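Please read the report below alongside the sequence and the model. It begins with a contact between two chains and then turns to single pairs and residues.

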There are 4 protein chains.
Amino acid sequence: MTISIASRFSFCLPQTTDILLQFEAAAIPEQRILSSDTNLTEAEHCAWVPAQDDIGERIWIRAQGDFSVSYRAEVELERQLADISTLRRLEPHDMPGEAVQYLFDSRYCAADRFQTFVDEEFAGTDGGERIAAISDWMKRKLTYSPGASGPQTTALDTFIERRGICRDYAHVMIALARASTIPARYVACYAPGVDPPDFHAVAEVFLDDPNTDGGGTWQLVDPTGMADPSETVKIGVGRDAADVSFLTSFGIADFGDKSVVVKAF
Amino acid sequence: MTISIASRFSFCLPQTTDILLQFEAAAIPEQRILSSDTNLTEAEHCAWVPAQDDIGERIWIRAQGDFSVSYRAEVELERQLADISTLRRLEPHDMPGEAVQYLFDSRYCAADRFQTFVDEEFAGTDGGERIAAISDWMKRKLTYSPGASGPQTTALDTFIERRGICRDYAHVMIALARASTIPARYVACYAPGVDPPDFHAVAEVFLDDPNTDGGGTWQLVDPTGMADPSETVKIGVGRDAADVSFLTSFGIADFGDKSVVVKAF
Amino acid sequence: MTISIASRFSFCLPQTTDILLQFEAAAIPEQRILSSDTNLTEAEHCAWVPAQDDIGERIWIRAQGDFSVSYRAEVELERQLADISTLRRLEPHDMPGEAVQYLFDSRYCAADRFQTFVDEEFAGTDGGERIAAISDWMKRKLTYSPGASGPQTTALDTFIERRGICRDYAHVMIALARASTIPARYVACYAPGVDPPDFHAVAEVFLDDPNTDGGGTWQLVDPTGMADPSETVKIGVGRDAADVSFLTSFGIADFGDKSVVVKAF
Amino acid sequence: MTISIASRFSFCLPQTTDILLQFEAAAIPEQRILSSDTNLTEAEHCAWVPAQDDIGERIWIRAQGDFSVSYRAEVELERQLADISTLRRLEPHDMPGEAVQYLFDSRYCAADRFQTFVDEEFAGTDGGERIAAISDWMKRKLTYSPGASGPQTTALDTFIERRGICRDYAHVMIALARASTIPARYVACYAPGVDPPDFHAVAEVFLDDPNTDGGGTWQLVDPTGMADPSETVKIGVGRDAADVSFLTSFGIADFGDKSVVVKAF
């Protein structure tokens, strides 16, 4: 499966400001970057640094005035997919150290508060079956609703208001998975099925690897149902949206326009 | 400087439950473990895994019934200390990839919301001088007040209510440092000056290393003023208290008693 | 139905402090006070003022040191009861001005945020039938759990954590009723079935009066199922628990002991 | 002082919906309505009901489709003004029953959490002097900043983020006044100095009446500094913005345009 990506966005910095960008497809074994082209307005400083869990890179910019980003890439996906509902939960003491942080509460995902809810609503399910049950529940109870949420919206807010966008869906899935003692992280990505076309976000859960003896594996799950894991190009991962944004500004940034086009061949 | 530590605590698990413990002094270059002795009730499962940033270890336990932990250690500290107020802030594009996550919002430290406050209250200061100014401000405005906060208390709550314990002080320092574009993390530790004696928590900020050309260094700062960095034994680090607790239970755990004795020689 | 009440509580005021007490059965048409006896420690000031909606009275005290309250009463109840599930919702434009405030958000009941939830979870029900459906849902989803909540706990917290006490149950009922455009208020009360015996709290909803033409009526509803409306003695009402507490202190008050005994004859 | 008001706004209701409007100058002793003209789109139902504390009226509308409101009035103000900083605080036990509710926490003003802050920041001041000190503090610390807050923003949020609009300023003033045991309420109003011209909101605090023996008086205070109490026309009052909005919709309402012109003669 080959995916072509064309994204662009612009913003204006009234004064010299540090900006963190993360929009490029990550070069990882499951994603071969066939070609890529990144165009940035010239800046005072510009540095690529490894991103979280060594998945993808972040770009530090220090600039002032109008700034535009344009990116094109072709990516070949060779992702091992599994039927999540058949995967077992890893016992906590079998989890590798790196996975443990994804059990903890984060900015937008206060998982501990959902412990009673998941125990009762999804009683009798565990591991991948639990994730499938959460996914089903979310499809029935939540409405995809652009404009109903904002940058401060947490998994708790979305759980109450029952509306949100991809970011909010990912946060609820992550919170409910962690409350079920399943490590879960946030994945910023490109995917062709997203409507309206935009940067996308899904969740990734850590379950027992069906192909190896011991050890776990990260599995993509999109509770919005819009992105097929076989067509999803990862940009980066984090605890939640606080960690992976295409634009994080450490000062005032007036956002301009944005365009994202993703196609599968 | 040699520090002796004796800590013990107990709890009861009504049913078989996964527990994560983190209470041992971390074996890292600045801390030489001269001797140590960990005693745990026998459990169904017990596994040591590396903790965050490879500082110390966490212990996964799966057990039922009464459980007790007892720990003794002697630790020699050879920490390089600096006068924080003289250290420069690292430009974001000069920060190593690993430090960047400590600029982001976490469960208890929603730093972005304090951006206007730090800009105005601490205008004219930067880097280590900013950290010293925050520390001063906290000493004047906050009251150390056991019982006034709880496990859900965030940096925002403490900022409003002006009272808290070591954990809350660390969260406020971390939030205000990150809002100042200075990476900051949470440090669980042992320190002799803590009153009443207990597990302790301080902050660590990432500033320019005065001894090397380029590259940064983590510096301990205790806004409660109780722990001297030269006498502080690190257990582990994390984004905030959600990441480093001496006891994290993935089910019901009824806490028993606790005792911590720390001495400097 | 005659109800006998004996309650007592004590507290200590380290310095001269204003205290607001509300613990006496309200003298209202549906409750005839057969006898009552209030004993208070002597205070610098002591004044009875009418309480909210002219239901019951509050007592302002200004005192220092140990303070104790003891109250005994016999109350005859002649409450008109209705089968709530058969009552119609009043159209908003038919509601009297006094009822409208009980549609609005209050400290612990941010009702507007539940609008999508009630529309979907309780679709097809309205008025009293909606209240009955909410009550059923709460019985299935929430667990009565002393110690799981505190004075800052809101209806949103309880909705997420699925546990709480009478106060939390009342808040959830009030929030979901208001989100259904049904005025709802908080009722502090005495009731014999409460276990463990204590001050109690229930909700009251404003629905069409079955006996009159036009005009509405307040109906008691206890989502915990512990208090029978025919045996419930109202102390006072308010938007939520912020308005009716048996003890509100405008300074430090160290609470002592408390005892409540309520019997029906 | 005569004030002329011309306001208009419109919205669209996709389906038949209940709407509560409150935009007319209140007919109260201190405000004589010389002339007024209200024009509303014809609706299925339309009913005027008394508003909170009998100050002004609310209009219940039940309608569908495009709806527009246009209002013109001339109001003569004869408000007794006092130098707030000279007014004494009323002892709680001297407060009338109706004022007590304005000491309690409300949706956007969780006053109890600011008790330590006001005690330390404004130590040595009381009553009207305390209100003046809060006003000064707010002028120094907060920035009037349209767009930085929204309908969910509370006094706590604004206290942290240090930015907001008239509504947020009023909420902070109300919270800090109540934390100082001074009853405070929210006032929706028209005032000529508001820039950009819009509906306005200020606070009102209950202090000792300088002209009578015993008894208190409500005094307008605008922490934004834009509205002169002698030129402020009250629309209505409430605990906070949850109680007095020019448009409260119990269903979906798509807001159209709005225009407010206020002049003093």
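## Salt bridges between chains D and C

Between chain D and chain C the count is six salt bridges, a salt bridge being a side-chain nitrogen of Lys or Arg within 4 Å of a carboxyl oxygen of Asp or Glu. The elements of chain D that give two or more residues to the side touching chain C are strand S1 (2-21), strand S3 (45-50), strand S4 (57-77), helix H1 (97-100) and strand S11 (247-249), where helices (H or I, at least four residues) and strands (E, at least two) are DSSP runs numbered from the N terminus. The largest share of that side, four residues, comes from S3(D).

This is a predicted model, in which local features need pLDDT of at least 70 and side-chain atom pairs count only at pLDDT 80 or more, while totals for chains, interfaces and linings use all residues. Residues are numbered from 1 along each chain as its sequence is written, chains are lettered from A and ligands numbered from 1 in the order in which they are written, and side-chain values use heavy atoms, with hydrogens and water left out.

One of the salt bridges joins the side chains of D:Glu91 and C:Arg62, at 3.7 Å from N to O. The side chains of C:Glu91 and D:Arg62 also meet in a salt bridge, with an N to O distance of 3.7 Å. C:Glu91 lies in the loop between strand S4 (57-77) and helix H1 (97-100) of chain C, and D:Arg62 in strand S4 of chain D, so the pair joins two chains. C:Glu91 has 28% relative accessibility and counts as partly exposed, whereas D:Arg62 is buried, with a relative accessible area of 17%; buried means under 20% relative accessible area, exposed over 50%, and partly exposed in between (1.4 Å probe, protein chains only).

## Extent and make-up of the D-C contact

The size of an interface is often given as the accessible area lost when the parts come together. Chain D and chain C bury about 3,000 Å² between them, 57% of it on carbon and sulfur atoms, buried area being the accessible area (1.4 Å probe) that two parts lose on being put together, summed over both. On the side of chain D, D:His93, D:Phe104 and D:Arg107 lose the most area to chain C, together 22% of what that side buries.

The contact, meaning heavy atoms within 4.5 Å, takes 35 residues from chain D and 36 residues from chain C. Nine residue pairs, both members at pLDDT 80 or more, are in polar contact between chain D and chain C; a polar contact is a pair of N or O atoms within 3.5 Å, where within protein one must be able to donate a hydrogen and the other to accept it, and residues adjacent in sequence count only if both atoms are side-chain atoms.

## Salt bridges elsewhere

Over all chains the structure holds 72 salt bridges. In one of them, the side chains of B:Glu161 and D:Arg113 meet at 2.5 Å, N to O. B:Glu161 lies in helix H4 (residues 155-161) of chain B, and D:Arg113 in the loop between H1 and helix H2 (115-121) of chain D, so this pair joins two chains. B:Glu161 counts as buried at 11% relative accessibility, and D:Arg113 is buried with a relative accessible area of 13%.

Within chain C, C:Glu204 forms a salt bridge with C:Arg185, their closest N and O atoms being 2.9 Å apart. C:Glu204 is in strand S8 (residues 200-208) and C:Arg185 in strand S7 (residues 184-190), so the pair ties together parts of chain C that are 19 residues apart in sequence. Both C:Glu204 and C:Arg185 are buried. In chain A, salt bridges that share partners join A:Glu30, A:Asp53, A:Arg79, A:Arg185, A:Glu204 and A:Lys234 into one network.

## Two individual residues

A:Thr153 is found in the loop between strand S5 (143-144) and helix H4 (155-161) of chain A, and at 13% relative accessibility A:Thr153 counts as buried. A polar atom of the A:Thr153 side chain lies 2.8 Å from the backbone nitrogen of A:Gly150. Not counting residues up to four places away in sequence, A:Thr153 touches A:Tyr108, A:Thr158, A:Arg167, A:Asp168 and A:His171.

B:Asp66, in strand S4 (residues 57-77) of chain B, is exposed, with a relative accessible area of 61%. Leaving aside neighbours within four places in sequence, B:Asp66 is in contact with B:Phe11, B:Cys12 and B:Thr41.
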